[in-house]
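I opened this notebook to record what I looked up in one chain. The entries follow the order in which I consulted the structure.

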Amino acid sequence: MSSPAFLSSVNTSSLLQALIERFDNGLSLDEPGSANGSANSINSEVRKLGALLPRLQVVLARHQNTEATINRLPIEILAHIFKLASMTEADPHPARRIITLSLVCHHWRQTALGFPALWTTIHLREGAIHDFQFATLCLERSKDAPLNIIMSTLFRGEQISNFFSPYSSRIESVSIFVPFKCSPYDVPRFLSSTCGFLAPRLKTLRLCTAMWGSYRCPVLPLIFGGDISCVTHLQVESFSPYPGHAFGRLTHLALSSQSQFDKRPSMTEFLDLLEANPHLEELLLDDAGPSIRTSDSRLPVHLPNMRLLCFVATSTERVLASRVLTHLRLPRQCCIRVHRDIDPSYLDELLPSPFPEDVHLLPTFGTVERLSLRGDMKAFGEYSVRYSATSRQSGVSLSYPLRGPDPHDMWPEAALNSFLRSIPCAQIRVLCLSLGKVTLSFHAEGWKSLFGRLTALKELYLADMDVSNVVEGLVGPRRDSEDMDALPGLSTLCLIRPKALDVDALLSWSEGRTTCEHLADHRLTIVMDMHVTSTSGFKMPKCLPKNVQIYPAESASGVVDDRTFEEPLDMILPPFGRDIS
């Protein structure tokens with residue numbers, strides 16, 4: 001008897017082949033005198049094979065499973081995919097997603113169980129009675145891997161402390177999120193009882209406690225036995241981390257919601273904290289920082305490793321960034337980002353400038369060469385108007401939230417003028433504009449004034465905006481100069497999906513430049529959205545000069561460099577303290 005077709009079609013294992021042979025041999029017993037014996041033998045073999053059938057099915061299923069492309073990956077890569085998948089959604093228990101993945105097949109389960117790092121995040125929530133049971137499972141499966149503890153409950157502090165105490169030597173990260181409804185309770189006492197165990201390996205500490213109504217910033221209570229000197233990443237909301245604890249190894253510090261600005265710790269206390277942590281790389285002051293009514297006469301604090309300094313300021317403390325920057329010595333690779341809240345009906349709130357008068361003491365300003373004005377970005381979670389001046393590695397930015405009903409207010413242009421007072425405009429070589437719905441807040445005369453400042457400008461890019469005022473400011477003569485061209489050194493002009501474009505005026509300007517010997521040769525590129533232009537009556541010119549190219553957006557891939565609007569990552573990624581929801 002031949003093997004069944006479904007078995008012969010696969011590369012069967014030696015076990016499967018042996019079972020087939022035994023079944024064939026049993027059926028070949030056909031001697032006349034041994035019919036009963038043959039029947040009994042066959043029945044015995046059938047029973048044995050029936051008992052082995054489940055195992056045979058498992059062997060076949062696993063064999064077929066190995067053919068899947070993802071299961072051919074090294075298990076280290078598969079485990080990393082599991083880790084990423086567990087973090088893609090806001091799941092209170094990332095390990096629960098690992099369990100779901102482990103149920104797909106035997107290979108995935110063995111991979112999940114074989115990597116303790118997949119089980120290291122433990123979350124205890126308010127009112128979740130089964131969290132302790134699941135936490136015990138994660139503690140077992142994580143073996144000796146470092147632990148990440150998340151607590152979003154105000155109660156059972158002593159129980160939590162006793163539960164984690166035996167594993168305290170493995171804990172490297174603790175995040176405590178106190179619900180807002182619990183803010184009237186004695187939060188400092190809760191923290192002391194919950195964090196009553198020692199954590200000698202603790203490196204990351206997040207304390208998000210919603211006590212925004214506090215009259216003063218309470219000092220961080222004694223936690224983890226008072227020994228958290230090894231912490232490198234510290235995020236504190238509502239509390240003041242100084243002088244309650246001694247920190248000396250911080251590389252990332254985020255302070256937020258520190259009560260009323262005039263009730264905060266002094267500038268001296270704040271600078272003492274920075275001076276004690278010379279290895280700081282990121283600092284976020286989110287409605288927090290020193291009191292703006294205090295000062296310090298010491299020499300500026302030197303922070304040679306600082307990469308990113310962020311300020312999120314209310315309208316009542318608009319001088320905070322300037323005051324703090326005055327007391328710091330920063331390296332040229334440091335990115336400085338300021339996000340300010342304003343009332344658009346009061347333009348005087350745009351003053352004073354968010355940067356110190358002596359910006360030459362901040363090397364970042366001396367390296368910028370690209371100016372970007374954008375109205376299509378999210379800054380610190382809010383749709384904002386954002387101005388930035390950047391180099392390849394660093395930069396400075398100023399952003400304001402878009403909240404008013406009228407996008408054509410005067411304040412965006414006034415805010416730009418405030419920003420430009422601190423920027424060395426004469427060294428800007430590239431200007432990128434993507435202002436979206438606030439485009440009409442900028443008038444033609446304002447663009448002429450800006451172009452007059454950018455004396456070294458070589459490249460101008462406009463994307464997804466009404467370009468009428470910009471083009472008018474570009475092609476119109478300058479009143480304050482004998483030179484009839486606004487940007488005599490311009491070599492590249494690129495318009496990407498422009499709106500309200502006067503093509504004839506732009507081509508006439510381009511033609512006029514080519515006849516002037518003292519003006520730089522230039523290239524004009526226009527990428528048109530043909531769907532929009534077809535409804536607006538746009539007509540493609542029959543003949544174009546060699547330096548002018550017009551492309552439909554659908555076929556313009558590679559025409560415009562995708563990196564045109566790129567900025568250093570530290571200028572756009574959420575800083576520590578804003579990197580989680």
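The entries below run from the whole chain to single residues and pairs.

**Entry 1: basis.** I worked from a predicted model, in which local features need pLDDT of at least 70 and side-chain atom pairs count only at pLDDT 80 or more, while totals for chains, interfaces and linings use all residues. Residues are numbered from 1 along each chain as its sequence is written, and side-chain values use heavy atoms, with hydrogens and water left out.

**Entry 2: the chain as a whole.** I found 16 helices and 19 strands; these are DSSP runs numbered from the N terminus, helices being H or I of at least four residues and strands E of at least two. Of the 581 residues, 48% are buried (buried is under 20% relative accessible area, exposed over 50%, partly exposed in between, with a 1.4 Å probe and protein chains only). I then looked up contacts (heavy atoms within 4.5 Å): among those between residues at least 6 apart in sequence, 74% join residues at least 24 apart.

**Entry 3: strand E17.** I asked how many residues of strand E17 are buried. The count is 4 of the 5 in residues 492–496, so the strand is largely enclosed by the rest of the structure. E17 pairs in the parallel sense with strand E16 (residues 459–463) over 5 bridges, pairing being called where DSSP finds at least two bridges between two strands. In that pair, Glu-459 stands opposite Thr-492. E17 also runs parallel to strand E18 (residues 523–528), again with 5 bridges, and there Cys-494 faces Thr-525.

**Entry 4: salt bridges.** I counted 15 salt bridges (a side-chain nitrogen of Lys or Arg within 4 Å of a carboxyl oxygen of Asp or Glu). One of them joins Glu-317 and Arg-264 at 2.8 Å, N to O. This pair links distant parts of the chain, 53 residues apart: Glu-317 sits in the loop between strand E9 (308–313) and helix H11 (320–326), and Arg-264 in the loop between strand E6 (252–256) and helix H10 (267–275). Glu-317 is buried at 0% relative accessible area, and Arg-264 is buried at 7%.

I next looked up Asp-272 and Arg-298, whose side chains meet at 2.7 Å, N to O. Asp-272 lies in helix H10, and Arg-298 in the loop between strand E7 (282–286) and strand E8 (301–302). Asp-272 is partly exposed at 38%, as is Arg-298 at 21%. Salt bridges with shared partners join Asp-272, Glu-275, Asp-296 and Arg-298 into one network.

In a further pair, Asp-131 and Arg-125 meet at 3.0 Å, N to O. Asp-131 is buried at 0%, whereas Arg-125 is partly exposed at 25%.

**Entry 5: Ile-572.** Where does Ile-572 lie? I placed Ile-572 in the segment after strand E19 (548–552). Ile-572 is partly exposed, with a relative accessible area of 40%. Not counting residues up to four places away in sequence, Ile-572 touches Arg-337, Met-377, Arg-386 and Glu-567. Phe-380 is 192 residues from Ile-572 in sequence, yet their C-alpha atoms are 9.4 Å apart.
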